[in-house]
Amino acid sequence: MTLEKTETRILAMYDVRGIQKYIYRTARVKDAMGASLLVENIIYDALKTAVGSVSPWCDKNGPLPYQDNSKREVEVLFIGGGNAYVLYDSLKRYREVSRKMSRYVLDRTYSLQLAAAWVEKTEDYADDYQKLKAKMGQVKAEMILSRPYGALPVMKVERKTGYPLVTEKESTESRNKKGYKDAKAREKEEKIFDKLAQQKGVESTLAVVHIDGNNMDLGILNLIKGKTAYESAVNTMRRISWQISHSFRTVFDEMSKLFNEKSFYLKEFEGKEFRPFIRRIVTAGDDITYVCTARIALATVQYFFENISKYTLNGKTDPQSLKVYGFSACAGVAYMGSHFPFSIAYDVAESCCENAKSLAKMPENKDGLRVGNFVDFQICKNIKTRNLEKVRKNEYETADGKSLLLRPYYIPGMNPEGFERLEKEPFHFQCFRDAVQWITDERNIPRSFAKQLRNMYSEGEMPLETWNLFLKSRGWMIPENNGRVFFSDSGKAIWYDALEMMDYYLDLDKFTDNTTC
């Protein structure tokens, strides 16, 4: 073919399809953790295996400089957003390496596929980049999603994957996930989760937290606008990709250290064998998923939101950069029992995150192109919770059409300028914190009455007002909000979120107050 010209350089793009489903296609948190480690750097690992040696595009200190006159046969331009961009000296080499990479991914994971696209390199990076993105979109649309051979009628099948069993209980995919983690690390995790399963009530409840960055594409496009030369554009993309991964991972590590260590000093856990913890599932750029004990989940999200806003897409911290390029994110939290199917809990957390993003991106809640931090959460009572919209329609609305939920909540970052109008909204997170603090103080209302109020909310406003007269007769006064006690003017429950979460929430101040140590 005429395309086989060794002097024509090739710009290639790689993506592994189905990673999210692969990681979360399990009922066990431990297997999801193993799967995430297995695929964390799979494209780069596949490339190194196929080529033998590849020069890194970054190190722990930052991105490495790129020069367009490089004579390398294979060079990684950058990796970001789950995709890898690689420059080849010829189409022939691209094809040889891509075949080996595809085989590596298949051998390593058993069921994932590598998607690859290429264009001829010109002197205009912006044009090549857009053509390559369009080509990858076409490849994905036309790519046949092949699957490993299914089980024959005489074979036993693993229920969660549908694949044939190769051991007494596991398919090849599940065995690969389970076997990837270091033996000692896995033993430690198993002890943690086994102890958790032996607890009762709230102490046996986990939270799956999914965090996703806001409006990354718009910021990236603004930073590379007008950059057509490869050297300038690639170096910019390297800085951006490294800045996203470094910032989100740094904040996650700081958050984990704070909560994992500080919990030993809290009076809420004195004398208890089991203490709060955070365990990473995925940290891929601005996409983060972790598991933690239920009572610290919302506090971890608040800490993450407040601290990620200290970082920017362009790596600068001047006021203008913080305003234009400062990071923000949305999160979803799913609370589950220790034996609840993990895959369902993750789906719920992802749906909650989507709800949070929908509210965050409403024009009245944005500051120009800036999007604020929002979080939504849900207690998973049964597997039907996977259909979050239907569950909330059936279980979180009163007979007269009022909503029991104020969530999602807005959580301000370190740079709240431009979002001041949200401070007066009932979905400001401080309103939730104040409500939980009031509800859990038995000087305000007995715990038994608080639980009764929670259970009565679904009956609507009239029964609640009647019950409120009973409370007043006993000397218990529930604060009013603009003359309303139980529902706002917009028809949303004022206290229900706090009542539902009163056993599942510890305030961030307990972990950041130095007097606890």
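Q: A polar contact is a pair of N or O atoms within 3.5 Å; within protein, one must be able to donate a hydrogen and the other to accept it, and sequence neighbours count only if both atoms are side-chain atoms. Which backbone nitrogen does the side chain of asparagine 373 reach?

A: The side chain of asparagine 373 reaches the backbone nitrogen of alanine 329, at 2.9 Å. This is a predicted model, where local features need pLDDT of at least 70, side-chain atom pairs need 80 or more, and totals for chains, interfaces and linings use all residues. Numbering starts from 1 along each chain as its sequence is written, and side-chain values use heavy atoms, without hydrogens or water.

Q: Where does asparagine 373 lie, and is asparagine 373 buried or exposed?

A: Strands (E, at least two residues) and helices (H or I, at least four) are DSSP runs, numbered from the N terminus. Asparagine 373 lies in strand E11, residues 373-379. Buried means under 20% relative accessible area, exposed over 50%, partly exposed in between (1.4 Å probe, protein chains only). Asparagine 373 has 4%, so it is buried.

Q: How many aromatic pairs does the structure hold?

A: It holds 32 aromatic pairs. Rings of Phe, Tyr and Trp (its six-membered ring) pair if their centres lie within 6.5 Å; planes under 30 degrees apart are stacked, over 60 edge-to-face, the rest tilted. Tyrosine 85 and tyrosine 129 form a tilted pair, with 5.8 Å centre to centre and 35° between the planes. This pair links distant parts of the chain: tyrosine 85 in strand E5 and tyrosine 129 in helix H5, 44 residues apart. Tyrosine 85 is buried at 4%, and tyrosine 129 at 12%.

Q: What angle do the planes of phenylalanine 449 and tryptophan 467 make?

A: Their planes are at 80° and their centres 6.4 Å apart, so this pair is edge-to-face. Phenylalanine 449 lies in helix H15 and tryptophan 467 in helix H16, so the pair ties together parts 18 residues apart in sequence. Phenylalanine 449 counts as buried at 17%, and tryptophan 467 at 7%.

Q: Which residues do ring pairs link into a cluster?

A: Ring pairs link Phe78, Tyr85, Tyr125, Tyr129 and Tyr230 into a cluster.

Q: How many disulfides are there?

A: A disulfide is a pair of cysteine sulfur atoms within 2.5 Å. The count is zero. The sulfur of cysteine 353 is 6.0 Å from the closest cysteine sulfur, in cysteine 330, which is too far for a bond. Cysteine 353 counts as buried at 3%. Cysteine 380 is in no disulfide; the nearest cysteine sulfur, in cysteine 352, is 7.7 Å away. Cysteine 380 also counts as buried, at 8%.
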